[in-house]
Amino acid sequence: MTRPRRPQMTYPFSHEPELGRPDKVAEGVYRCRIPLEFGPPYINSWLLEEDDGWTVIDTGMGTKISSDAWRGVFKDFFGDRPVIRVIVTHMHPDHIGLAGWICRKWNIPLHMSQVEYLTARTLVADTHHDVPDEAMRFIRAAAYTDEQVDSYRAIFGKFGSFIRSLPQAYSRLRHGDRLTIGGVEWIVVIGRGHSPEHVCLHCPDKNLFIAGDQLLPEISSNISVWPYEPDANPLDDWLVSCARLKDYLPEEVLVLPAHGNPFTGAKERLAYLIADHEDNLANLRELCRTPVRVPDCFATLFKKEIPDDKLNMAAGETIAHLNYLIHDGSVIRETDGNGVHLYRRAD
Ligand SMILES: [Zn+2]
């Protein structure tokens with residue numbers, strides 16, 4: 001199978017704004033790059049201007065480097081105008097990390113989808129706990145070596161350490177909700193797969209789409225199976241979401257992603273992402289002609305060595321592809337005497 005053609009996208013802004021310095025992308029809409037401790041170097045928070053203050057979308061991690069950037073924004077850019085609402089696209093620490101901190105500072109509500117909020121509360125509760133048996137079975141099934149199991153133990157439950165304590169109540173966002181922000185309507189569009197109920201915001205009047213991690217210009221969003229739902233099929237959710245978004249979004253909409261620069265060409269980018277995953281699935285179907293374990297698929301899927309600190313993401317993403325093939329009937333999963341999963345073609 002030939003690799004899908006690279007999409008044609010355009011980036012209307014020629015500069016990368018300074019970290020922590022809001023930069024106007026449209027009337028009343030600002031991009032603010034908040035630095036991150038690890039992972040991608042920054043997240044784009046989007047600031048929407050209202051008559052009586054600011055709506056903040058996504059927040060950075062609950063660490064000093066991110067909160068220091070916000071302190072500068074509050075003082076130098078917001079001045080005496082308050083934040084009046086926080087919207088978080090999804091539960092990952094680089095998005096939700098400082099949500100509680102900002103909400104408490106102004107005594108304002110946190111707006112999220114239900115599954116994202118409740119899952120964040122659940123995962124935060126893992127912090128400082130030992131690895132449960134279910135997670136041990138999951139990583140053993142993925143053929144982790146003893147050394148890799150030890151590394152997994154060492155980082156288990158870290159999720160909550162990058163999130164300042166969450167508000168104990170929230171305000172729910174649903175697909176199709178219409179929010180008036182800064183005098184214009186923003187429509188809530190839910191995407192799935194990267195995270196279970198990811199919020200995007202579409203403003204037809206301004207022709208803008210705040211995409212979070214649901215649609216990124218350069219990197220392909222991680223689609224992973226996690227130990228708490230080992231038989232999940234998030235890749236199917238992801239492909240369905242991409243196809244729906246491709247139908248829904250107007251041709252020339254300006255996409256405001258959580259990482260990378262604003263771009264147009266959403267439909268092409270989505271078509272590419274779909275084709276790329278389908279290409280990977282076809283290659284894996286071939287590979288499974290002889291039984292394989294999870295790490296045996298890495299070279300086919302990622303075409304590069306997986307460094308130790310990326311192992312969990314790589315394994316999670318590989319299992320997402322393999323589970324997709326189990327769900328569509330082309331692959332069967334068996335378990336050997338050591339609890340390791342072997343995947344082979346059904347035919
Ligand atoms: Zn994310």
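Trainee: Is Asp-213 buried or exposed?
Mentor: Asp-213 is buried, as its relative accessible area is 5%; buried means under 20% relative accessible area, exposed over 50%, and partly exposed in between, with a 1.4 Å probe and protein chains only. This is a predicted model, in which local features need pLDDT of at least 70, side-chain atom pairs count only at pLDDT 80 or more, and totals for chains, interfaces and linings use all residues. Residues are numbered from 1 along each chain as its sequence is written, and side-chain values use heavy atoms, leaving out hydrogens and water.
Trainee: Which protein donors does the zinc ion have?
Mentor: They are His-90 (NE2), His-92 (ND1), His-194 (NE2) and Asp-213 (OD), at 2.1 to 2.3 Å from the zinc ion. Donors are N, O and S atoms within 2.8 Å of the metal (3.2 Å for Na, K and Ca); water is not among the atoms, so sites may look incomplete.
Trainee: And where do His-90 and Asp-213 sit in the chain?
Mentor: His-90 is in the loop between β5 (83-87) and α2 (93-96), and Asp-213 in the loop between β11 (208-212) and α7 (234-248), 123 residues apart. Helices (H or I, at least four residues) and strands (E, at least two) are DSSP runs, numbered from the N terminus.
Trainee: What about His-90, buried or exposed?
Mentor: His-90 is buried, because its relative accessibility is 0%.
Trainee: Changing topic, which helix holds Ala-315?
Mentor: Ala-315 belongs to helix α10 (residues 311-327), and is buried at 3% relative accessibility.
Trainee: What does Ala-315 touch?
Mentor: Leaving aside residues up to four places away in sequence, Ala-315 touches Tyr-144, Val-294 and Phe-298; contact means heavy atoms within 4.5 Å.
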